[in-house]
Amino acid sequence: MPGITRQANQLQFALGDRSSYGLFAQDWTGVSNPALLEALQAIQAATIGPGA
Amino acid sequence: MAIATPLSVSGRWITDANANRVKLSGVNWAGAHQDAMTPGGLDYRHRNDIAAQIAEWGFNSVRFPFALQTVTAGAPVAVARVAANPDLAGSTPWQVYTACVQALTDAGLMVIPNCHLLYEGWCCWDRDGNGLWWNGNWPAARFAGDWLTVAGAFADNPLVIGYDLKNEPRKATIGGTVYTPSWGDGNPDTDFCQLYASTATAIQAVDGNALFFCEGLSYAADLTGTRTKLVAPAKGNCVVYSMHDYAWYHPAGQPAAVRAR
């Protein structure tokens, strides 16, 4: 429902707007926020649990 | 490390066919549930490049939202939305969706289709009419039937590891009545524990190896109902309970229903 102020995060979008908070850059050619990606990469691997 | 499918649940862990833990390090690829019913970025990059980029960044999985309308809409997506994927011109939203799933799994990524909405659009709030698995325009049978279509499409793809059955259960106003999601009370209109079990059981008839991601109540912030009742589909060791965590969930902005417990 474009134009509605969302309850959860108060962001407002209109039809056709491009995401401004994704991991991909606006043109989808690379990362939007390298520091965020690095932070996520630091926790990608499993450190506990069964098996190898 | 290659994932040995099928996956299953062992205690608090997701494990592969060799009993090794599988930690899902994933991203959402949004868009197929929204107004254009087209995953984001297809106007800029080929889907294979997007999938390869996600894998290159080290992620091993993608949660892939759709709306029920995405599954059955008959009109082709707008050509501009798939400009960088010219082979998808003229395709329906569901054909675009399945092509993207194939691209993701071809890149070695695990995929978890997610029913994000009934009708396409932005998600989510209490008055969007999508808080339950049904509303005045979308009978419950549609939800179950479309999930069988989805599962049937991907049952033979081992990297489609499971299904996230319903995004962020929340209130819905239907016919002037406010329905609040419940857990384990047997209410046929609101009981998500029952809905998850019945949907999973139905899907198991077409995809017996799937995991089922079951989101908590109050925008996936409340799984306290599991203290007294677990989701119990016909075949076990397949239920993954799912919580969503946003900055605004924490103390000052936490949903009242959770804060009160």
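This is a predicted model: local features need pLDDT of at least 70, side-chain atom pairs count only at pLDDT 80 or more; totals for chains, interfaces and linings use all residues.
Residues are numbered from 1 along each chain as its sequence is written, with chains lettered from A and ligands numbered from 1 in the order in which they are written.

Chain B has seven helices and ten strands, which are DSSP runs numbered from the N terminus (H or I, at least four residues, for helices; E, at least two, for strands). Its C-alpha trace spans about 50 × 45 × 40 Å along the principal axes of chain B. Among contacts (C-beta atoms within 7 Å) in chain B between residues at least 6 apart in sequence, 74% join residues at least 24 apart.

Now to how the helices pack. In chain B, the axes of H4 (residues 140–154) and H5 (residues 192–204) come within 9 Å and cross at roughly 40 degrees. That makes H4(B) oblique to H5(B); angles run from 0 to 180 degrees between N-to-C directions of lines fitted to C-alpha atoms, over the stretch in contact for helices, with under 35 degrees roughly parallel, over 145 roughly antiparallel, 65 to 115 roughly perpendicular and the rest oblique. On the H4(B) side, B:Ala144, B:Trp147, B:Leu148 and B:Ala151 meet B:Thr199, B:Ala202 and B:Ile203 of H5(B).

Another pair in chain B is H1 (residues 47–56) and H3 (residues 93–106), whose axes come within 8 Å and cross at roughly 40 degrees. Here B:Arg47, B:Asn48 and B:Ala51 of H1(B) touch B:Ala99, B:Cys100, B:Ala103, B:Leu104 and B:Asp106 of H3(B).

The B:Thr5 to B:Pro6 peptide bond is cis, with omega near 5 degrees, and B:Pro6 sits in the segment before strand E1 (8–10) of chain B. Another cis bond runs from B:Cys123 to B:Cys124, with omega near 15 degrees; B:Cys124 is in the loop between strand E5 (110–117) and H4 of chain B.

As for phi, B:Tyr219 is not a glycine, yet has a positive value of about 65 degrees. B:Tyr219 belongs to helix H6 (residues 217–220) of chain B and counts as buried, with 27 C-beta neighbours inside 10 Å.

Methods
Two residues are in contact if their C-beta atoms, placed from the backbone, lie within 7 Å. A residue is buried if 20 or more other C-beta atoms lie within 10 Å of its own, exposed if 12 or fewer, and partly exposed in between; C-beta atoms are placed from the backbone.
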